[in-house]
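Please open the structure and follow these notes with it in view. Each point takes up one topic.

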Number of protein chains: 2
Amino acid sequence: MPAGRGAGAKYEQLAWQLREQIRAGTWRVGDRLPSLRQKAEQSGFSLMTVLSAYQLLESQGWIVSRPQSGYFVAPARESARETLPRQRLQPLQEVDINAFIFDLLQAGDAPDCVALGSAFPDASLFPRQQLARALARVARQMLPTGTRANLPPGCEPLRRSIAQRYAARGMDVSPDEIVITSGALEALNLSLQSLTAPGDWVVVESPAFYGALQAIERHRLKAVAIATHPRDGMDLDALEQALCQYPIKACWLMTNFHNPLGGTMPDAGKQRLLALLAEHRVALIEDDVYGELYFGAGPPLPAKAWDREGRVLHCGSFSKTLATGFRIGWVAAGRQAQAIQRLQLMSTLSTSAPMQLALADYLAGHHYDKHLHTLRRTLEQRKHAFYRAIQRVFPPSARVHYAEGGYFLWIELPEQICTTRLYWRALEEGITIAPGRMFATDERYRHCFRLNASLSWNSRNDAAIRRLAELIGEQLA
Amino acid sequence: MPAGRGAGAKYEQLAWQLREQIRAGTWRVGDRLPSLRQKAEQSGFSLMTVLSAYQLLESQGWIVSRPQSGYFVAPARESARETLPRQRLQPLQEVDINAFIFDLLQAGDAPDCVALGSAFPDASLFPRQQLARALARVARQMLPTGTRANLPPGCEPLRRSIAQRYAARGMDVSPDEIVITSGALEALNLSLQSLTAPGDWVVVESPAFYGALQAIERHRLKAVAIATHPRDGMDLDALEQALCQYPIKACWLMTNFHNPLGGTMPDAGKQRLLALLAEHRVALIEDDVYGELYFGAGPPLPAKAWDREGRVLHCGSFSKTLATGFRIGWVAAGRQAQAIQRLQLMSTLSTSAPMQLALADYLAGHHYDKHLHTLRRTLEQRKHAFYRAIQRVFPPSARVHYAEGGYFLWIELPEQICTTRLYWRALEEGITIAPGRMFATDERYRHCFRLNASLSWNSRNDAAIRRLAELIGEQLA
């Protein structure tokens, strides 16, 4: 189960409480909050605690302070405004997305561009010094026998650390069902391969992480794309229909802080999802690489938390939270663990031993949770800064989907805008975005794009956002 | 072109010259070599140089010293004795080898066994201190921008170092056609994938590295297995026949120090191979992970040296020569370089950035060639020690194929011996071997096995060889 709401420092508990009240409508836009002194008296917290809570909420954009007047609720966020995909269930006999994606990924590779299209978080957020020390320690201790011990399923202490993190959330995942992989991408690919043969049907989201679409093309599968909501995730009615109509072998979902949308499936949805999969005896590949980046008081649980039959292959990674370049991910693969080890032994043999050992060493030092805590706060502040800037300068017809976790913003522009065109135009000026065309096999998201909001807010990025707004304006005119 | 014969220290040049004379029959078994003084006078080298040369040849088992009598040519090696596979060309509609291999690899995973079945060289032969220092240096310098620069095709300085090594051998390979991979295994898999679709025909050797057979099974290909000779490699007449009879898309060969046989295709064979492939417009996946481990004066060239059309995908690795656990290999992919980058971007994204950087750092230090020099000498001595021990205690009907490079011995036992049975029996006593069944899809090599001769020669390994001899004796009885 998730850590209780309100875990963390006292001021964070108080900030969470106030944020929930704003969300619930207890305080509405423009309302004046109780003064610091009033709040301290009401709550029993110290004046300093109340001040810290208010400052945190202000940094996150929930409230604003006005000199001599106090704290007021800031203008509402956009995430409540909804846009449902028009077609809820879309069969794809053939998936062909690779050439396009590859062009985009290559084009955005210039080191000096403003990489708002990047999928990676700003690497300066990672604890490089601590990782370097772990790497140096491991280097000194490199044993000649190290190789064999790091073959699939991978380094035992690392698998144990990961299992302990599951246990801390009330999930019973044995180190034996965990396979260490070359990032979550290899985990997802091996999972898909272990469950399907060419020509089989699988379920994906629409829009979807392009890695899913690429894997489906690469493995010559057929897919049913199910409408996915920017707030709550996949349309489970449409999923049920697909499971009845097609011989589905596996579903591929991002249940928490979806890429590119940002949405998280509520617990009730995850339970229904598991029930549907059990009924139709279908496996779930759960891509959960952003789950640790929650802004609320506790992490959203993965669907695997309700899995009693080893049906869920839960894929995680350190690439988005700790060490992008290490290429260390994993899959808690349930009954597929053995099959996945075999596939890995045949394709890449194993991930690099020093990288596995360095992460095991780092995790043993108990710095990870502290790092994650800081990372979440920073990402929340940065994301909100981008959000506010976009709200300020983008045309009012733009809808910005803000999720309480992860570092992506999903932006819907008026239908006449083509974000692929916007992409090429922006690239000329050294700015990248991730156009909607990357996340589907057709043009249905051509007016949308994903924006990486993990970068520090500065004048260069501010100028980039303004320039994007101008380029959108040119297309609108 | 290879470094001129006789490169290296003076005593090594002299030793090489004498070895060639023994090979050519100038000196026969039992012949007394010129005395140290005579040889010094004849050759113009100093007495010390001649002594060093004789001692080197003795350590390698070419000559023996008899007190008060001088140096004599030791009993001849076995590699001249030939065994040709009976069937020169064998079509395989379906390849199914994985389950068996996996059982074997898992069973031999115990850390305290005598791993004569291992595919890895003894890791204590690697320069761990220097690699650790490189890793520590890289850790200190880890830049936040490191990630993007290490995406496919991989770290530029590392690709440049590899290209320079090709250049030193007279081969013109651009850094741009090199893709860094997770060991040679990923290079080979991506190469095969880039050239074929399920159902296509490919050529493999018989016997073959099991990774090739696994990849063929995994990608649902059909294969023609071509008889391969323990000394000279693939039967090119049979290959020509296969190219005429089947719509072959790609050939997968180990041209140098073949695994498991040890043989090397002569330069003339490589030229004919390239001509055949050009005529039939077929690509070559050249697995050359042992090429650096030559015992002669210069390295054998890969077939790629004669490639003028970008038809050869030359796969190399540091796993067998420098750093097993790093999982860094590459492919010089000719015209397939772009396709392979795309496939990698979809499957594992990239290899780990610190590992790539650490190897680039190590190679920049110019220690690699010195390390290789020592490694070759040590492997030659160890391999010969195993060879002699086996000759001493195995039944006379056993044929031991000794190649002038790599660290495998390929041993043919009488037909009634089943080496799979031998494998399980030996495993009970803490000894592993690589039975012939691993290297083909049928039972044709059931009486053969591969032995890892990279381990240091000591009483424990001596006892293991004696025990193997006894177990073979039991089966013969």
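Predicted model: local features only at pLDDT ≥ 70, side-chain atom pairs only at ≥ 80, totals over all residues.

1. Helix 7 (residues 156-168) of chain B packs against helix 13 (residues 353-364) of chain B at an angle of about 45°, and their axes are 8 Å apart. That angle makes helix 7 of chain B oblique to helix 13 of chain B. Angles under 35 degrees count as roughly parallel, over 145 as roughly antiparallel, 65 to 115 as roughly perpendicular and the rest as oblique. Axes are lines fitted to C-alpha atoms, for helices over the stretch in contact, and angles run from 0 to 180 degrees between N-to-C directions. Helices (H or I, at least four residues) and strands (E, at least two) are DSSP runs, numbered from the N terminus.

2. Which residues make this contact (heavy atoms within 4.5 Å)? Helix 7 of chain B supplies Pro157(B), Leu158(B) and Ser161(B). Helix 13 of chain B supplies Gln356(B), Leu359(B), Ala360(B) and Leu363(B). The crossing of the two helices is left-handed. A crossing is left-handed if the near helix is turned anticlockwise from the far one by less than a right angle, and right-handed if clockwise.

3. Stay in helix 13 of chain B and find Met355(B). Met355(B) is buried, at 0% relative accessible area. Buried means under 20%, exposed over 50%, and partly exposed in between (1.4 Å probe, protein chains only). Leaving out residues up to four places away in sequence, Met355(B) touches Ser352(A), Pro354(A) and Met355(A), along with Leu135(B), Phe326(B) and Ile328(B).

4. Now look at chain A. Helix 15 (residues 419-428) of chain A and helix 16 (residues 459-476) of chain A pack at about 130°, with axes 10 Å apart. They are therefore oblique to each other. Their crossing is right-handed. Among the residues in contact are Arg421(A) and Leu422(A) of helix 15 of chain A, and Leu468(A) and Leu471(A) of helix 16 of chain A.

5. Which residues of helix 10 (residues 236-245) of chain A are buried? They are Leu236(A), Ala238(A), Leu239(A), Ala242(A) and Leu243(A). An α-helix has 3.6 residues a turn, so residues three or four places apart point the same way. The cover over the buried residues of helix 10 of chain A includes strand 6 (201-206) and helix 11 (267-280) of chain A.

6. Most residues other than glycine have a negative phi, and most peptide bonds are trans. Ser206(A) and Pro207(A) are joined by a cis peptide bond, with omega about 0°. Another cis bond joins Pro152(B) and Pro153(B), with omega about 10°. Arg220(B) has a positive phi, near 55°, and is partly exposed at 44% relative accessibility. Leu349(B) also has a positive phi, about 75°, but is buried at 16%.

7. A last word on conventions. Residues are numbered from 1 along each chain as its sequence is written, and chains are lettered from A in the order in which they are written. Local features need pLDDT of at least 70, side-chain atom pairs count only at pLDDT 80 or more, and totals for chains, interfaces and linings use all residues, while side-chain values use heavy atoms, without hydrogens and water.

Key. Contact = heavy atoms within 4.5 Å.
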